[in-house]
Amino acid sequence: MSSSDKIALFIDGANLYASTRALGFDIDYKRLLSEFQSRGTLLRAFYYTATIEDQESSSMRPLIDWLDYNGYTVVTKVSKEFIDASGRRKVKSNMSIELAIDAMRLAEHIDQMVLFSGDGDFRSLVEAVQRRGVRVTVISTIASRPPMIADELRRQADVFTELIELQAKIGRNPSERPPPRPREVRYRPEQVPDGETNAALKGNDSVFEK
């Protein structure tokens, strides 16, 4: 990246959480923002996550509040419930469309797109953005078992960055992790919570049982 490049970050929250969990570290979102601000002119840092109605006021809210107050544009929507063929209640979440729309809108204003996701559904988006002259860096991991990035997305990217290689720059120091807190305790916006806490969501297009 050139120091004069205009950069936008697109973070698939659930996918990044699953990747860092597989690698055994947490993201320090303040350090992440600073890292990419140092690489050029950071125009926007988007964070996408789906929420479950009964989690809106508990596990997701501290992180969402902190990101909102500290330089991120947070995009959320409530997951949809449905009944599968076996009669089981499930929840389906997908933030791909929201991310794709924002990326295409910004494409003419940026030089570099940084995508934190390994979801193969984004390959077509990456190709479309590249056709507009934008270089795309995809950040995910092949160090986990199984790898968290789809081969087609990795091949399409101009640059693939292994997430574990960024741990020293954007990872949370384990010694800084706050002690366990009672469930009812709320973070103030200026406090930095742990990384993504919505363990139920395993991917950007995930289906799971309730």
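Guide: Buried means under 20% relative accessible area, exposed means over 50%, and partly exposed lies in between (1.4 Å probe, protein chains only). By that rule, 50% of the chain's 210 residues are buried. The model is predicted, so local features need pLDDT of at least 70 and side-chain atom pairs count only at pLDDT 80 or more, while totals for chains, interfaces and linings use all residues. Residues are numbered from 1 along each chain as its sequence is written, and side-chain values use heavy atoms, with hydrogens and water left out.

First, the overall layout. The chain has seven helices and nine strands. These are DSSP runs numbered from the N terminus: helices are H or I of at least four residues, strands are E of at least two. A contact means heavy atoms within 4.5 Å. Take the contacts between residues at least 6 apart in sequence: 70% of them join residues at least 24 apart.

Now the interior. A nonpolar core is a set of buried Ala, Val, Leu, Ile, Met, Phe, Trp, Tyr and Cys residues joined through side-chain atoms within 4.5 Å. The largest one holds 26 residues. Tyr-29, Leu-32, Leu-67, Tyr-72 and Phe-116 touch the most other members. Two or more residues each come from strand 1 (6-12), helix 1 (13-23), helix 2 (29-37), strand 2 (41-51), helix 3 (61-69) and strand 6 (112-116). Another core, of 24 residues, lies apart from it and includes Tyr-48, Ala-50, Phe-122 and Val-136.

Helix 2 comes next. Its buried residues are Tyr-29, Leu-32, Leu-33, Glu-35 and Phe-36. Seen down the axis of helix 2, they fall within an arc of 160°, so they line one face of the helix. That arc is taken from the directions from the helix axis to the C-beta atoms. At the start of helix 2, a side-chain oxygen of Asp-28 comes within 3.1 Å of the backbone nitrogen of Lys-30.

Helix 3 buries Arg-61, Pro-62, Leu-63, Ile-64, Trp-66 and Leu-67. Their cover includes helix 2, strand 2 and strand 3 (73-78). Gly-71 follows helix 3, with a positive phi near 100°. In strand 2 sits Thr-49, buried at a relative accessible area of 1%. Thr-49 and Gly-13 are 36 residues apart in sequence, but 5.3 Å apart in space, C-alpha to C-alpha.

Then the charges. A salt bridge is a side-chain nitrogen of Lys or Arg within 4 Å of a carboxyl oxygen of Asp or Glu. The whole structure has six. One of them pairs Glu-35 with Arg-39 at 2.8 Å, N to O. Glu-35 is buried at 14% relative accessibility; Arg-39 is partly exposed at 24%. Glu-98 and Lys-77 form another, with the closest N and O atoms 3.2 Å apart. Glu-98 is in helix 4 (residues 96-106) and Lys-77 in strand 3, so this pair ties together parts 21 residues apart in sequence. Glu-127 also bridges to Arg-123, at 3.2 Å between the closest N and O atoms. Both are in helix 5 (residues 123-130), four residues apart, which is about one helical turn. Shared partners join Glu-35, Arg-39 and Lys-169 into one network.

Finally, a charge without a partner. Glu-162 belongs to strand 8 (residues 159-162). Glu-162 is buried and has no salt bridge. The nearest side chain of opposite charge, Arg-154, is 7.1 Å away. For that count, Lys and Arg are positive and Asp and Glu negative; His and the chain ends are left out. A polar atom of the Glu-162 side chain lies 2.9 Å from the backbone nitrogen of Ile-142. Beyond neighbours within four places in sequence, Glu-162 contacts Leu-23, Ser-140, Thr-141, Ile-142 and Ala-143.

Technical notes: A polar contact is a pair of N or O atoms within 3.5 Å; within protein, one must be able to donate a hydrogen and the other to accept it, and residues adjacent in sequence count only if both atoms are side-chain atoms.
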